[in-house]
Amino acid sequence: MDTLHAPWRIDYILAPKISAGDRSIFTKIAQSSDDQANLVIARDKSCFALLNSYPYTGGHLMTVPYKQVPDFDGLTDEEMTDLLKLTRRCQGALRTVMKPHGFNIGVNLGRVAGAGIGEHLHIHVVPRWNGDTNFMPVLANTTVLPEALKDVAAKLRSALAS
(Lines give C-alpha, C1' and ligand atoms only; values in the text may rest on other atoms or scores of the structure.)
Protein backbone atom coordinates (compact mmCIF):
# COMPACT_ATOMS: atom_id res chain seq x y z
CA MET A 1 0.00 0.00 0.00
CA ASP A 2 1.27 3.47 -0.87
CA THR A 3 1.18 6.24 1.69
CA LEU A 4 -0.10 9.68 0.78
CA HIS A 5 1.33 12.55 2.77
CA ALA A 6 -0.36 15.84 3.65
CA PRO A 7 2.36 17.47 5.78
CA TRP A 8 0.58 20.84 6.02
CA ARG A 9 -2.10 19.19 8.23
CA ILE A 10 0.34 18.55 11.07
CA ASP A 11 0.26 22.23 12.07
CA TYR A 12 -3.49 21.94 12.63
CA ILE A 13 -3.21 18.60 14.43
CA LEU A 14 -0.46 19.78 16.80
CA ALA A 15 -1.80 23.30 17.38
CA PRO A 16 -2.98 24.01 20.93
CA LYS A 17 -6.73 23.60 21.19
CA ILE A 18 -8.69 26.56 22.49
CA SER A 19 -10.50 25.85 25.75
CA ALA A 20 -14.10 26.88 26.36
CA GLY A 21 -14.45 30.53 27.28
CA ASP A 22 -11.39 31.69 25.35
CA ARG A 23 -11.56 33.91 22.30
CA SER A 24 -12.04 31.87 19.15
CA ILE A 25 -9.31 31.75 16.52
CA PHE A 26 -11.59 33.97 14.40
CA THR A 27 -11.74 36.59 17.18
CA LYS A 28 -7.95 36.51 17.43
CA ILE A 29 -7.62 36.95 13.66
CA ALA A 30 -10.25 39.72 13.65
CA GLN A 31 -8.20 41.63 16.23
CA SER A 32 -4.88 41.02 14.48
CA SER A 33 -3.37 43.46 12.02
CA ASP A 34 -1.43 40.78 10.12
CA ASP A 35 -3.92 40.05 7.35
CA GLN A 36 -1.30 38.44 5.10
CA ALA A 37 -0.23 35.86 7.70
CA ASN A 38 -3.85 35.15 8.61
CA LEU A 39 -4.97 34.91 4.95
CA VAL A 40 -7.57 37.66 5.47
CA ILE A 41 -8.76 38.82 2.06
CA ALA A 42 -11.37 41.45 2.98
CA ARG A 43 -12.60 43.45 5.97
CA ASP A 44 -15.96 45.17 6.17
CA LYS A 45 -17.72 47.06 8.97
CA SER A 46 -18.99 44.05 10.93
CA CYS A 47 -17.34 41.05 9.25
CA PHE A 48 -14.30 39.81 7.36
CA ALA A 49 -13.31 37.07 4.91
CA LEU A 50 -10.32 34.77 4.97
CA LEU A 51 -9.06 31.71 3.16
CA ASN A 52 -9.46 28.45 5.02
CA SER A 53 -5.99 27.33 6.14
CA TYR A 54 -7.07 23.67 5.81
CA PRO A 55 -9.26 23.84 2.69
CA TYR A 56 -11.43 21.22 1.05
CA THR A 57 -10.45 22.64 -2.34
CA GLY A 58 -8.48 25.60 -3.72
CA GLY A 59 -10.17 28.93 -2.98
CA HIS A 60 -12.17 27.60 0.01
CA LEU A 61 -12.85 30.70 2.09
CA MET A 62 -14.99 31.75 5.01
CA THR A 63 -16.90 34.91 5.90
CA VAL A 64 -16.97 35.65 9.62
CA PRO A 65 -18.66 38.27 11.80
CA TYR A 66 -16.33 40.17 14.12
CA LYS A 67 -18.76 39.41 16.94
CA GLN A 68 -18.15 35.96 18.39
CA VAL A 69 -21.56 34.25 18.37
CA PRO A 70 -22.39 30.55 17.88
CA ASP A 71 -25.29 31.10 15.46
CA PHE A 72 -27.37 33.65 13.56
CA ASP A 73 -29.48 34.53 16.63
CA GLY A 74 -26.53 36.50 18.03
CA LEU A 75 -26.35 38.89 15.06
CA THR A 76 -28.31 42.07 14.50
CA ASP A 77 -30.18 42.43 11.21
CA GLU A 78 -27.46 44.82 10.01
CA GLU A 79 -24.66 42.37 10.90
CA MET A 80 -26.52 39.55 9.15
CA THR A 81 -26.95 41.67 6.03
CA ASP A 82 -23.26 42.66 6.06
CA LEU A 83 -22.22 39.01 6.41
CA LEU A 84 -24.37 37.87 3.50
CA LYS A 85 -23.29 40.78 1.31
CA LEU A 86 -19.63 39.94 1.95
CA THR A 87 -20.36 36.28 1.17
CA ARG A 88 -21.88 37.37 -2.16
CA ARG A 89 -18.85 39.60 -2.92
CA CYS A 90 -16.48 36.73 -2.15
CA GLN A 91 -18.42 34.40 -4.42
CA GLY A 92 -18.07 36.98 -7.19
CA ALA A 93 -14.33 37.35 -6.57
CA LEU A 94 -13.88 33.58 -6.67
CA ARG A 95 -15.87 33.43 -9.91
CA THR A 96 -13.59 36.10 -11.44
CA VAL A 97 -10.28 34.74 -10.13
CA MET A 98 -10.77 30.95 -10.21
CA LYS A 99 -13.63 30.45 -12.68
CA PRO A 100 -15.38 27.58 -10.87
CA HIS A 101 -18.38 25.80 -12.35
CA GLY A 102 -20.36 26.06 -9.10
CA PHE A 103 -20.17 26.63 -5.34
CA ASN A 104 -20.97 24.97 -2.06
CA ILE A 105 -21.97 27.70 0.41
CA GLY A 106 -22.92 26.60 3.88
CA VAL A 107 -22.89 26.88 7.64
CA ASN A 108 -22.29 24.17 10.23
CA LEU A 109 -23.98 25.13 13.52
CA GLY A 110 -22.64 23.14 16.47
CA ARG A 111 -19.98 20.46 16.70
CA VAL A 112 -22.45 17.65 15.91
CA ALA A 113 -23.23 19.43 12.63
CA GLY A 114 -19.56 19.51 11.68
CA ALA A 115 -18.51 22.90 13.06
CA GLY A 116 -14.79 22.83 13.82
CA ILE A 117 -15.09 26.25 15.50
CA GLY A 118 -18.58 25.98 16.95
CA GLU A 119 -18.33 29.02 19.18
CA HIS A 120 -17.94 31.45 16.26
CA LEU A 121 -20.40 31.54 13.37
CA HIS A 122 -18.83 31.45 9.90
CA ILE A 123 -20.00 30.78 6.36
CA HIS A 124 -18.00 28.48 4.08
CA VAL A 125 -17.70 29.39 0.40
CA VAL A 126 -16.22 26.48 -1.54
CA PRO A 127 -15.66 26.78 -5.30
CA ARG A 128 -16.35 23.58 -7.25
CA TRP A 129 -15.40 22.35 -10.71
CA ASN A 130 -16.85 19.61 -12.89
CA GLY A 131 -15.01 16.43 -12.04
CA ASP A 132 -13.27 17.85 -8.96
CA THR A 133 -14.22 14.88 -6.78
CA ASN A 134 -11.49 12.36 -7.28
CA PHE A 135 -9.72 9.58 -5.43
CA MET A 136 -7.68 11.94 -3.25
CA PRO A 137 -10.50 13.09 -0.95
CA VAL A 138 -12.52 9.90 -1.30
CA LEU A 139 -9.78 7.37 -0.54
CA ALA A 140 -6.99 9.35 1.08
CA ASN A 141 -8.88 12.13 2.94
CA THR A 142 -6.45 14.47 1.20
CA THR A 143 -6.86 17.39 -1.19
CA VAL A 144 -4.53 18.60 -3.88
CA LEU A 145 -4.21 22.37 -4.10
CA PRO A 146 -2.68 23.50 -7.38
CA GLU A 147 -1.86 27.00 -6.12
CA ALA A 148 -0.33 28.31 -2.89
CA LEU A 149 -2.80 29.83 -0.41
CA LYS A 150 -0.86 33.10 -0.23
CA ASP A 151 -1.05 33.48 -4.03
CA VAL A 152 -4.81 32.82 -4.05
CA ALA A 153 -5.26 35.28 -1.16
CA ALA A 154 -3.40 38.02 -3.07
CA LYS A 155 -5.54 37.50 -6.19
CA LEU A 156 -8.78 37.55 -4.17
CA ARG A 157 -7.71 40.68 -2.24
CA SER A 158 -7.19 42.41 -5.57
CA ALA A 159 -10.54 41.24 -6.94
CA LEU A 160 -12.38 42.30 -3.77
CA ALA A 161 -10.70 45.71 -3.74
CA SER A 162 -12.11 46.62 -7.16
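## Close-up views of a predicted model

**View 1. A salt bridge joins the side chains of R43 and D35.** In this predicted model, the N and O atoms of this pair sit 2.8 Å apart. How exposed are the two partners? R43 has a relative accessible area of 30%, so R43 counts as partly exposed. D35 is partly exposed too, at 23% relative accessibility.

**View 2. D44 and R89 form a salt bridge between a loop and a helix.** Here the N to O distance is 3.1 Å. Which parts of the chain does this pair tie together? D44 belongs to the loop between strand 1 and strand 2, while R89 belongs to helix 3, so the bridge links parts that lie 45 residues apart in sequence. D44 is partly exposed, with 26% relative accessibility, and R89 is also partly exposed, with 33%.

**View 3. R111 pairs with E119 in a salt bridge.** The closest N and O atoms of R111 and E119 are 3.5 Å apart. E119, at 26%, is partly exposed.

**View 4. The largest nonpolar core brings together 22 residues.** Which members touch the most other members? They are I41, L51, L61, C90 and L156. Strand 1 (40-43), strand 2 (47-51), helix 3 (77-98), strand 5 (123-128) and helix 5 (149-161) each give two or more residues to this core. Helix 3 provides the largest share, with 6 residues. In soluble globular proteins, nonpolar side chains tend to be buried together.

**View 5. L156 has several contacts with residues from elsewhere in the sequence.** Leaving aside residues up to four places away in sequence, L156 touches I41, L51, L61, A93, L94 and V97.

**View 6. V107 sits in the loop between strand 4 (102-106) and strand 5.** What does V107 touch? Its contacts are F72, L121, H122 and I123, not counting residues up to four places away in sequence. V107 and V125 are 18 residues apart in sequence, and their C-alpha atoms are 9.3 Å apart in space. With 31% relative accessibility, V107 is partly exposed.

How values were computed
Residues numbered from 1 in each chain as written. Predicted model: local features only at pLDDT ≥ 70, side-chain atom pairs only at ≥ 80, totals over all residues. Heavy atoms only, no water. Core = buried A, V, L, I, M, F, W, Y, C linked by side-chain atoms within 4.5 Å. Buried < 20%, exposed > 50% of the residue type's maximum accessible area, 1.4 Å probe, protein only. Helix = DSSP H or I, 4+ residues; strand = E, 2+ residues; numbered from the N terminus. Contact = heavy atoms within 4.5 Å. Salt bridge = Lys/Arg side-chain N within 4 Å of Asp/Glu carboxyl O.
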